[in-house]
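Colleague: I've not looked at this one before. Could you walk me through a few parts of it?

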Amino acid sequence: MNTFIGCRKLMLKSSNSCLTFTLKRGKFKMKNKQETISKFNNCDRALENFDLYYKPVYGERWPSIRISLLTAKKSCVIINNFVTENEYGDTFSDLGAVDILELARKRQTAYANKMNKTNIKQSSLDQADVLRNVSSDQYASQEDNYSNVSEEQNPVYDSIISETDRKNLDLFMPAQVVYSDHMEQRIEEVRQSIYTPQDVKVDIVQPAPVSLSVDLTALAFPPGDVNMFPEPKTQNRGGLLCHFMLDASSILPVLALDLHAGNRLLDLCAAPGGKGLAALQTLKPDQVLCNDISKSRLNRLKSIMRLYVPDEHRVRIKTTLRDGQKFTQQEFDKVLVDVPCNTDRHSVLDGGRNLFSPARIQERIGLPKLQTELLLSGLQCVKVGGCVVYSTCTLSPAQNDGIVQSALDRLWRETNISVEIEDLAEFRHIFSDTLSFYDSCRFGQLVIPSLSKNFGPMYFCRIRRIS
Ligand SMILES: C[S@@+](CC[C@H](N)C(=O)[O-])C[C@H]1O[C@@H](n2cnc3c(N)ncnc32)[C@H](O)[C@@H]1O
């Protein structure tokens, strides 16, 4: 292959070779196939996976979600309640930030009025029937959404196999051996990535209105405003930091916990501690047990708590370094199960420790099982009458509704624990000024990234234990 012709760039392709010649300042640089392909990095792998599994589900919304995922996300700030005379709320308001919980309260009043009118119109119908119809309608539309991603004779399923071929299975080792192992893993990955709705014996009930903690102050810049908040500063007295930043959608699972004074909260996968700290800022829980399996991440959580919570309040926080799957003691009023997941944003933007690295395929394949086990542990640990909030930061239906479905199915078959799912659709209405939602989840709610409201993804679902 030493053909030279006087053009600046020549791509020579044949059925079994692909060589690129690039003329650089009069010299040839020859890249072989392997070099060209290795430019396909872990972020590309993640994006390819999302195109494959999310596009059929989110349809027309996918291009907008995709570009938002690839764009810098927005943050909100939570004002640290443990700092006395914290004036940062006013400073941020002067910069144009708005109190997103105040906006939600206003929407909630309007929503309650609207619902009252609807209820009067439907007064002759049994409320349970109304809810059942709503859920089955949702289910039907969900089935439509997912019907084109079912596993058998599925174009997506087929295409991934040829994709595998295309991405060169022989990059690592002799093709014959690795091809079959790798192929099996890929098939398993496809199986794990597709959510097929099934009949589950669970009621979806209408809960009391969302309780918007008056003690929590969260500010964000309005839609389309991409201003950034300044880094938190230490307050002179007490040495605590005055505010912390997090994705505004992360507040929703915390609010969904419906924390009351005196509650004992288990944060099963707690590190680095954003949601746990937000839960403490509601000033409601009496005790928060923050657990994580990773020592380094738990240490980070401890230092964050030290930076924000004074000694006299920190006694309410306990930390444990345990496998969340092993928790069984039924001693908590509320449990947050914020599981490890595809972490969509991180996966498409950070090529470093990326879940889509080929070396982590087993971990990726194992996620749904781990997520199901963690949710089942949470459900075992919560007292009767208490609730579990399951949350993720992925758009993957298999890791969202799919996990709730499989955990509830196992709960029904393997235990005598009874639960109900609480329909949290109200969140969609009351946070519509700040966040964009996908409205066709079957069990939970899903915040989707959009360019003007670039928060999320965040899925959350509340399950109440009734026996
Ligand atoms: C999405 S992150 C949690 C984020 C955290 N809730 C927050 O708001 O900052 C998931 C966490 O689960 C932890 N984890 C993974 N497997 C676990 C297990 N088997 N038991 C407990 N924690 C686990 C990870 O170390 C990671 O810190």
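This is a predicted model: local features need pLDDT of at least 70, side-chain atom pairs count only at pLDDT 80 or more; totals for chains, interfaces and linings use all residues.

Colleague: How many bridges hold β16 and β17 together, and in which sense do they pair?

Modeller: β16 covers residues 445-448, and β17 covers residues 458-465. They run antiparallel, and the bridge count is 3.

Colleague: Which residue of β16 stands opposite Phe437?

Modeller: Look at β15, residues 436-438, which is joined to β16 by 3 antiparallel bridges. The link from β15 to β16 is a hairpin through 6 residues. Opposite Phe437 you'll find Val447.

Colleague: Are the residues of β16 buried or exposed?

Modeller: Gln445 and Val447 point one way, while Leu446 and Ile448 point the other way. Whichever way they point, all of them are buried.

Colleague: Which strands stand at the edges of the open sheet?

Modeller: That sheet has 4 strands with antiparallel pairing, in the order β5-β7-β4-β8. The two edge strands each have a single partner strand, so one side of each is left without a neighbour in the sheet. They are β5 (98-99) and β8 (243-246).

Colleague: Which residue in β8 stands opposite Ile78?

Modeller: β4, residues 76-79, pairs with β8 in the antiparallel sense, and 4 bridges join them. Across from Ile78 is Phe244.

Colleague: Now the ligand: which helix and which strand each supply at least two residues of its shell?

Modeller: 17 residues surround the ligand, with Cys269, Lys275, Ser294, Gly324 and Asp338 the closest. The elements that each give at least two residues to that shell are α10 (274-281) and β10 (287-292).

Colleague: How many residues of the shell are charged?

Modeller: Sorting the shell by class gives 6 nonpolar and 6 polar residues. The number of charged residues is 5.

Key
Residues are numbered from 1 along each chain as its sequence is written. A residue is buried if 20 or more other C-beta atoms lie within 10 Å of its own, exposed if 12 or fewer, and partly exposed in between; C-beta atoms are placed from the backbone. Two strands pair if DSSP finds at least two bridges between them. A residue is near a molecule or strand if its C-beta atom, placed from the backbone, lies within 6 Å of it. Ala, Val, Leu, Ile, Met, Phe, Trp, Tyr, Cys and Pro count as nonpolar, Asp, Glu, Lys and Arg as charged, and the others, Gly among them, as polar.
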